[in-house]
Amino acid sequence: MKKMPAANGDQMVDDDKAPKRNARRPGNRVTMTDIAKAAGCSQSAVSFVLNNTPGMRLSQQTRERVIEAARQLGYVAPVFSTPPALLSPSKLDGIIGFAVDQLATSPEAVVAIEGARQASWNAGNVLLVAQTMSDPTMEPRAIKALSSSGISALIYMTIFTREVEIPDYLYDLNIPIVLLNCYTSDYAFPAVVPSEIAGGQTATRHLISHGHHRIATITGEPWMQAAQDRLTGYRRALATADIPFDPELVIEGDWSASAGYSATMKLLSLTERPTAIFCQNDRTAIGCYEALKEAGLRIPEDMSVMGYDDEDICRHLVPPLTTSVLPHMAMGQWAIEHLETAVLPRERRYQITKLECSLVKRASVAAPAGTKAGRRKARKI
């Protein structure tokens with residue numbers, strides 16, 4: 001089957017364009033996509049502003065544009081007070097189901113659920129959550145339990161970004177269904193995933209912009225789509241900057257701190273060491289930090305480090321870790337906002353929507369020590 005292109009509207013978070021004054025068609029429910037278009041910024045930026053997401057370096061101009069656009073379109077959000085009469089009408093009735101394969105083992109699921117909860121409550125709906133573990137016996141029972149509770153729509157989520165085979169009983173449900181962090185080969189359902197290739201490219205490009213040319217990366221497990229896509233983004237950024245790809249700078253990891261430590265030690269044993277390391281998740285970066293400090297190297301003066309995911313620990317590391325956001329909050333909100341686009345019967349085909357993994361700049365990246373910029377920084381210390 002021919003793959004359909006992704007609907008990918010990635011933009012930088014701190015885009016300071018003037019807000020557009022697009023009038024909303026009467027009777028249409030306002031979504032964060034509408035606000036993003038009106039404010040001239042990314043949907044992730046809208047999510048961060050309206051939900052007061054901590055740790056995001058958004059310009060004040062961007063925040064003001066988002067809030068003004070939301071007010072003009074009549075969107076209701078906890079950031080500012082709007083009379084209940086301005087709540088947008090919804091065809092969804094009261095209860096929305098949320099089925100996820102793993103809940104207790106991953107913070108991403110909790111973040112996505114919170115995003116869906118906020119969007120549901122904005123429209124006056126309740127969210128019911130079930131963990132399925134992808135168990136062939138218990139998952140159908142969990143979905144049946146949600147259905148028996150009178151849900152008017154369903155969000156189906158997987159922790160690992162991947163293609164899934166949706167069982168027949170889900171196709172047979174007479175309610176809208178949206179896929180979160182997964183998609184099907186027949187594109188029968190609206191689906192949203194992170195823009196991982198662009199995220200890997202943005203992270204690597206950030207290191208290149210600081211003057212790094214010998215950039216290593218520590219990957220996740222190679223069978224996972226996220227690891228494959230982040231590596232693809234890394235290679236694209238190098239190619240765009242005319243930096244030759246060096247396979248000895250790519251070390252396979254498994255997303256763990258211990259793998260980050262051992263991979264960093266391998267990189268430090270190279271005859272020509274890298275000047276920067278792109279760790280493809282934050283836990284890997286924690287191990288990388290430990291290895292560098294054990295070797296007597298300073299971050300970022302002797303080695304720049306980039307993470308990915310923006311877990312809470314990042315801002316507490318010394319120095320705080322520059323990283324990229326996994327947009328699970330925005331994905332949860334997107335899923336709620338697009339339930340009404342999932343028409344029945346399931347004859348329409350939907351593009352996969354990819355949300356931006358925006359950069360969070362902190363203090364772990366600087367110019368290489370041997371450059372003029374690096375020497376100027378060293379003299380200030």
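These legends describe close-up views of a predicted model.

Residues are numbered from 1 along each chain as its sequence is written. In this predicted model, local features need pLDDT of at least 70, side-chain atom pairs count only at pLDDT 80 or more, and totals for chains, interfaces and linings use all residues, while side-chain values use heavy atoms, with hydrogens and water left out.

**View 1**
Thr161 belongs to strand β4, residues 153-163. Helices (H or I, at least four residues) and strands (E, at least two) are DSSP runs, numbered from the N terminus. Thr161 is buried, with 11% relative accessibility. Buried means under 20% relative accessible area, exposed means over 50%, and partly exposed lies in between (1.4 Å probe, protein chains only). The side chains of Thr161 and Asn181 make a polar contact of 2.7 Å. A polar contact is a pair of N or O atoms within 3.5 Å; within protein, one must be able to donate a hydrogen and the other to accept it, and residues adjacent in sequence count only if both atoms are side-chain atoms. Not counting residues up to four places away in sequence, Thr161 touches Asn181, Val193, Pro194, Glu196 and Gln225. Contact means heavy atoms within 4.5 Å.

**View 2. Tyr171 in helix α6.**
Helix α6 spans residues 168-171 and includes Tyr171. Tyr171 is partly exposed, at 26% relative accessible area. Its side chain joins that of Asp186 in a polar contact of 2.6 Å. Leaving aside neighbours within four places in sequence, the contacts of Tyr171 are Ile166, Asp186, Ala188, Phe189 and Arg346. From C-alpha to C-alpha, Tyr171 and Phe189 are 9.4 Å apart; in sequence they are 18 residues apart.

**View 3. The rings of Tyr234 and Phe245.**
Rings of Phe, Tyr and Trp (its six-membered ring) pair if their centres lie within 6.5 Å; planes under 30 degrees apart count as stacked, over 60 as edge-to-face and the rest as tilted. By this rule there are four aromatic pairs. In one of them, the ring centres of Tyr234 and Phe245 are 6.5 Å apart and the planes stand at 75 degrees, so the pair is edge-to-face. Tyr234 lies in helix α8 (residues 225-240) and Phe245 in the loop between α8 and β8 (250-252), so the pair ties together parts 11 residues apart in sequence. Tyr234 is buried at 1% relative accessibility. Phe245 is partly exposed at 32%.

**View 4. Arginines over rings.**
Arg235 lies over the face of Phe245, 3.7 Å from the ring centre. The charged end of Arg117 sits over the ring of Trp121, at 4.3 Å from its centre. A charge sits over a ring if NZ of Lys or CZ of Arg is within 6 Å of the ring centre and within 35 degrees of the ring normal.

**View 5. An open sheet of four strands.**
The strand order is β8-β7-β9-β10, with parallel pairing. Strands β8 and β10 (304-306) are the edges, each pairing on one side only. Two strands pair if DSSP finds at least two bridges between them. Three bridges join β7 (residues 215-219) to β8. Thr219 stands opposite Glu252 in β8. Helix α9 (residues 257-268) packs on the sheet and touches β7, β8 and β9 (276-279); its direction makes about 150 degrees with that of β7. Axes are lines fitted to C-alpha atoms, for helices over the stretch in contact, and angles run from 0 to 180 degrees between N-to-C directions.

**View 6. Helix α11.**
In helix α11 (residues 328-337), 10 of the 10 residues are buried, so the helix is largely enclosed by the rest of the structure. Among them are His328, Trp334 and Glu337.
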